[in-house]
Amino acid sequence: MPLLVAMIASLAATGPAAAEDGYQLWMRYPASASQPAIEVARDTPMTRAAAAEVRRGLPTGAGPVLLALARDPRLQGLRLATAKLGDEGYSVQRITIDGRTVTLITGNSDRGLLYGAFALLRHLDTGGAIDTVALTAAPAVTLRVLNHWDNLDGVVERGYAGRSLWDWWSLPDVKDPRYTDYARANASLGINGTVLNNVNAKAVSLTAPYIAKAAALADVFRPYGIRVYLSARFSAPIELGGIKTADPRDPAVAAWWKAKADEIYRAIPDFGGFLVKANSEGQPGPRDYGASHADGANMLAAAVKPHHGIIMWRAFVYAETDPDDRAKQAYTEFKPLDGKFADNVIVQVKNGAIDFQPREPFHPLFGAMPKTPLMIEFQITKEYLGFASHLAYLGPLFEEVLDADTGVRRGETVASVVDGADDRHGISGMAGVANIGDSRDWSGSTFNQANWYAFGRLAWDPTLSSQTIAREWAAQTFGQDPAVIDAVVAIMAGSREAAVDYTGPLGLAHLMATGHHYGPGPWVSELARPEWNPVYYHRADRGGIGFDRTRTGSNAVAQYAPRVAKVYADPAKTPLEELLWFHHLPWDHQLSTGRTVWGELVHRYDRGIATVVDMRRQWEALKPRIDAKRWEKAASQLAVQEREARWWRDASLAYWMSINGLALPGGSAPPAHDLAWYKAQTFPYPPGNPQ
Ligand code: GCV
């Protein structure tokens with residue numbers, strides 16, 4: 001072998017992969033030297049998409065592959081157990097047909113073949129062998145949906161990965177190839193729906209030109225099994241229809257929505273339905289007319305029902321006119337409505353009772369509305385966890401909530417409420433507020449892609465562990481070197497807890513600065529709405545810190561099942577991670593760790609910084625093994641994270657000390673600046689901040 005060729009060959013064998021920019025996400029298929037033999041028993045747009053993916057991703061020598069429905073006559077002698085696969089499940093296995101061994105991808109529908117194709121590629125990309133492949137899976141949840149908070153002007157509310165992917169201006173004529181890649185990525189996880197526009201919706205998205213634009217996207221997504229949904233502005237009959245009211249009990253309003261639904265379904269026959277944010281943060285809704293959320297949801301449900309559409313109605317409601325604890329308001333409003341919703345309504349409930357904080361106890365509505373399907377809503381974009389630049393793997397957050405024991409029925413968890421199996425609901429769902437934009441790497445950083453990935457995998461199977469998902473993702477994203485996978489997973493594993501530690505340890509929450517929600521602002525107290533001020537949440541004074549949600553306070557604990565309420569009512573039993581969410585405790589209150597509340601708080605802030613320092617060190621060590629571009633970007637973001645973790649810690653401690661007058665425990669460094677300095681920091685033009 002000539003010397004140069006030998007050198008290149010040896011570099012290729014040992015060195016990092018070629019320059020990458022993250023565009024390929026976790027679908028970095030190996031270059032194949034030969035065209036695999038792929039046979040598709042049925043030619044439809046979806047099976048074509050499935051076969052194209054296999055063709056794209058199958059490594060050399062891994063063929064032949066057969067994609068065939070379970071009812072295909074050739075498979076009848078094989079006695080495949082496919083009944084349990086339902087409409088969307090798949091089975092991938094090696095079989096012998098006519099003396100020939102092939103890898104069979106089968107299912108009861110084209111969708112099963114599509115998901116099976118991606119499952120096969122995932123199996124191979126995570127080190128699985130083709131000759132022993134045996135994969136069977138069906139999703140636990142029917143609606144696996146991304147919520148895009150994308151405005152029609154291209155700004156993404158709480159979006160930190162550039163502008164909206166949807167170029168509304170050039171649609172429907174220009175169909176950016178990126179729309180197809182978006183659909184491929186989602187299909188690879190089993191995501192089967194996308195809400196295109198912000199829940200803070202504009203009525204114009206329901207006009208004919210915008211319906212045509214949404215229809216163009218639906219056409220691109222359809223072969224990948226993704227339905228399009230729209231956020232609907234409740235007052236649209238007034239704004240577009242010239243009707244004087246949006247009262248859901250008014251027949252003219254109902255007729256307007258029915259006609260609007262018919263119009264949408266003419267353009268998008270498989271339109272999924274509407275997502276609605278009503279009577280929340282200034283949005284219009286049925287309460288404006290004295291009607292209930294059920295009245296509003298059911299009126300819309302009737303409009304989409306003939307087309308098999310559904311309504312995802314959000315329970316994220318709270319009002320400044322309600323003096324009760326904000327954490328209680330959604331339960332108070334929705335629990336009495338259990339059983340009053342039409343069967344094509346699903347109530348969408350955030351994972352916690354406030355708002356996507358780095359840690360919140362699970363929402364008390366889970367388990368409290370057995371007659372109503374509840375769809376869990378997670379935030380994939382990191383509004384409160386350092387935007388795009390901080391590395392915070394959300395798998396553990398999702399897992400912690402899904403695994404939470406509701407205490408209502410034996411063995412009932414949030415996941416088992418969400419998948420609807422116990423109550424035999426016809427629909428079930430998981431929604432994730434997307435972290436996707438037009439940045440080249442889609443999510444603003446390579447590690448943010450893992451949060452999109454984890455959401456999708458858990459929506460398919462809520463029992464997966466966040467660790468398993470991280471390993472899968474790391475192998476597909478950085479290659480199969482076990483040392484790299486171990487290190488990447490180690491960095492990810494502690495990263496969310498680190499963000500909790502440096503932003504709000506011990507169950508503190510909502511301590512962020514105004515508007516943009518990026519940096520610390522625990523001192524903020526002047527906003528007009530009381531529950532928008534951080535001081536409302538931490539209630540720190542000379543005597544102690546924390547929100548008393550027991551009987552002596554707001555009694556929010558009573559919204560949980562007695563078994564759970566008993567734990568949360570007692571500071572000695574409440575997990576330290578949720579302590580100050582439920583209790584107002586003296587600064588010198590002794591904890592099981594041997595430290596006081598103050599000592600533990602400081603310890604955890606310091607622990608958060610130490611974890612980030614360690615994450616940086618581990619990433620540094622990976623430099624020779626990761627392609628340069630992706631490594632550099634993550635390294636510079638980790639440097640930002642360390643600086644800002646210190647900022648969060650120092651600003652918070654400076655403020656707490658101004659309240660409690662206590663000194664820092666020995667060995668803990670004083671804040672770099674005084675409190676006035678932290679209060680004076682401003683952030684012009686932060687991304688994702690609605691103007
Ligand atoms: C889309 C939080 C966010 C808002 C968001 C809202 C919601 O309050 O800060 O930007 O609005 O949640 O979920 O509706």
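1. A cavity here is a set of grid points where a 1.4 Å probe fits but cannot get out, and its lining residues have an atom within 4 Å of a point. The structure is a predicted model. By this rule it holds 10 cavities of 30 Å³ or more.

2. The largest cavity has a volume of about 110 Å³. Its lining consists of Gln357, Pro358, Arg359, Tyr384, Thr503, Gly504, Leu508, Ala509, His510, Leu511, Met512 and Trp648. By class, seven of these residues are nonpolar, four are polar and one is charged.

3. Where does the largest cavity lie? Domain 2 (143-462) and domain 3 (500-547 + 584-680) both contribute residues to its lining, so the cavity lies between them.

4. The largest pocket has a volume of about 520 Å³. Its lining comprises 28 residues, and those nearest the pocket centre are Arg158, Glu281, Gly515, His517 and Trp532. The lining divides into 11 nonpolar, eight polar and nine charged residues.

5. Helix H10 (residues 395-402) packs against helix H12 (residues 446-460) at an angle of about 25°, and their axes are 9 Å apart. That angle makes H10 roughly parallel to H12, because angles under 35 degrees count as roughly parallel.

6. Which residues of H10 and H12 meet? From H10 they are Gly395, Phe398, Glu399 and Leu402, and from H12 they are Asn451, Ala454, Phe455 and Leu458. The contact has five nonpolar residues, two polar and one charged.

Methods. Residues are numbered from 1 along each chain as its sequence is written. This is a predicted model: local features need pLDDT of at least 70, side-chain atom pairs count only at pLDDT 80 or more; totals for chains, interfaces and linings use all residues. Side-chain values use heavy atoms; hydrogens and water are left out. Axes are lines fitted to C-alpha atoms, for helices over the stretch in contact, and angles run from 0 to 180 degrees between N-to-C directions. Helices (H or I, at least four residues) and strands (E, at least two) are DSSP runs, numbered from the N terminus. Angles under 35 degrees count as roughly parallel, over 145 as roughly antiparallel, 65 to 115 as roughly perpendicular and the rest as oblique. Contact means heavy atoms within 4.5 Å. Ala, Val, Leu, Ile, Met, Phe, Trp, Tyr, Cys and Pro count as nonpolar, Asp, Glu, Lys and Arg as charged, and the others, Gly among them, as polar. On a 1 Å grid over the protein atoms alone, a cavity is a set of points where a 1.4 Å probe fits but cannot get out, and a pocket is an open set with protein on both sides within 12 Å along at least five of seven lines; lining residues have an atom within 4 Å of a point. Grid points are joined across faces, edges and corners, and a volume is the space filled by probe spheres set on the points. Domain bounds come from an automatic or database domain assignment.
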